[in-house]
Amino acid sequence: MTSIPHKLRSAAFYLGRPPFWAHFGHRALGYLQPDLDGRPHQAHAMGWARARAQPLGAVLMHFGLTPDGILPRLPADVLVDARHRVAGAPVRMGGPANVDLLYAVTRLLGARRALETGVAFGWSSLAFLSAMACNGGGRLVSVDRPYPGDGSEDFVGLAVPDYLVPHWTIVQEPDRNGLVKAAACFPQGVDIAHYDSDKTYRGRQFGYPILWRAVRPGGLFISDDIQDNMAFAHFVEQMRVSHGVVESGGKYIGIALKPGLKPAVN
Ligand SMILES: C[S@@+](CC[C@H](N)C(=O)[O-])C[C@H]1O[C@@H](n2cnc3c(N)ncnc32)[C@H](O)[C@@H]1O
């Protein structure tokens with residue numbers, strides 16, 4: 001449970017930053033609205049995800065991204081180097097996304113433009129940036145509201161090596177405000193959009209449509225931790241889009257393919 005001093009530090013952190021007020025307001029409003037993240041919703045979402053889970057190779061074969069299910073892998077030395085840097089950090093942050101999955105889809109799509117929410121130490125950012133470097137170059141724009149009031153700001157993105165940083169922009173704001181700004185960096189759309197920030201139903205209800213609109217036809221929308229609530233299930237069912245689910249360490253990742261196979265514009 002969060003302590004009172006931590007809550008007070010968080011409140012001071014938000015109140016001193018006007019771009020964070022919309023986020024803070026929605027968080028406060030959330031306490032007055034019906035709960036969409038409680039245990040029954042989690043159990044429903046877990047069942048939905050588990051029933052659809054497949055190996056990543058099978059999902060990507062179904063999407064036509066690999067003929068044989070063989071997946072490119074992030075070079076081991078890149079991971080070892082990143083782990084070494086992160087191990088020396090004096091703070092803790094949110095857990096990593098599935099780096100192998102993000103690296104593989106970025107390589108297979110030949111992606112050169114990626115948009116993500118949620119950076120923390122930057123494992124997902126490392127996967128996108130490393131894969132796009134192998135694809136011949138690209139740009140990643142990330143939205144991240146640092147953990148409020150705990151001094152972790154200096155360590156956001158630590159997993160990413162210096163040589164990849166010139167291809168990366170972090171919008172240091174909450175999704176509310178930051179996400180629209182980040183999507184506007186890509187007027188031609190993105191090849192991949194990845195959601196890994198505010199895991200509440202309402203947070204996703206806000207962020208998913210913005211990311212989805214930013215994805216070019218034939219591109220991918222990926223969301224982490226879809227077992228938390230029914231937001232991903234409702235989104236893909238309402239949009240009636242081709243989607244797949246991959247299990248990752250007892251959690252689930254949702255992947256949706258935007259209709260229309262338009263080649264990437266470089
Ligand atoms: C699970 S971590 C992201 C992990 C990262 N993708 C990786 O693979 O290393 C979640 C991150 O999202 C940020 N975050 C949480 N809520 C947010 C919001 N509403 N807007 C923007 N960022 C948010 C957190 O501060 C944290 O840095």
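I count two residues as in contact if their C-beta atoms, placed from the backbone, lie within 7 Å. In the protein, among contacts between residues at least 6 apart in sequence, 80% join residues at least 24 apart.

I note that this is a predicted model: local features need pLDDT of at least 70, side-chain atom pairs count only at pLDDT 80 or more, and totals for chains, interfaces and linings use all residues. Residues are numbered from 1 along each chain as its sequence is written.

I looked up burial next. A residue is buried if 20 or more other C-beta atoms lie within 10 Å of its own, exposed if 12 or fewer, and partly exposed in between. By that rule, 45% of the 266 residues are buried.

I turned to α7, residues 123-134. Helices are DSSP runs of H or I, at least four residues, numbered from the N terminus. How enclosed is α7 by the rest of the structure? It is largely enclosed, because 10 of its 12 residues are buried. Among them are W123, S124 and F128. The buried residues pack against α5, α6, β1, β2, β3 and β4; strands are DSSP runs of E, at least two residues. After α7 comes G136, with a positive phi near 110°.

Last, the ligand. I find 25 residues around it, the closest being G94, A97, G118, W123 and S124. To be near, a residue needs its C-beta atom, placed from the backbone, within 6 Å of the molecule.

Definitions and conventions: The expected span of a helix is 1.5 Å times one less than its number of residues.
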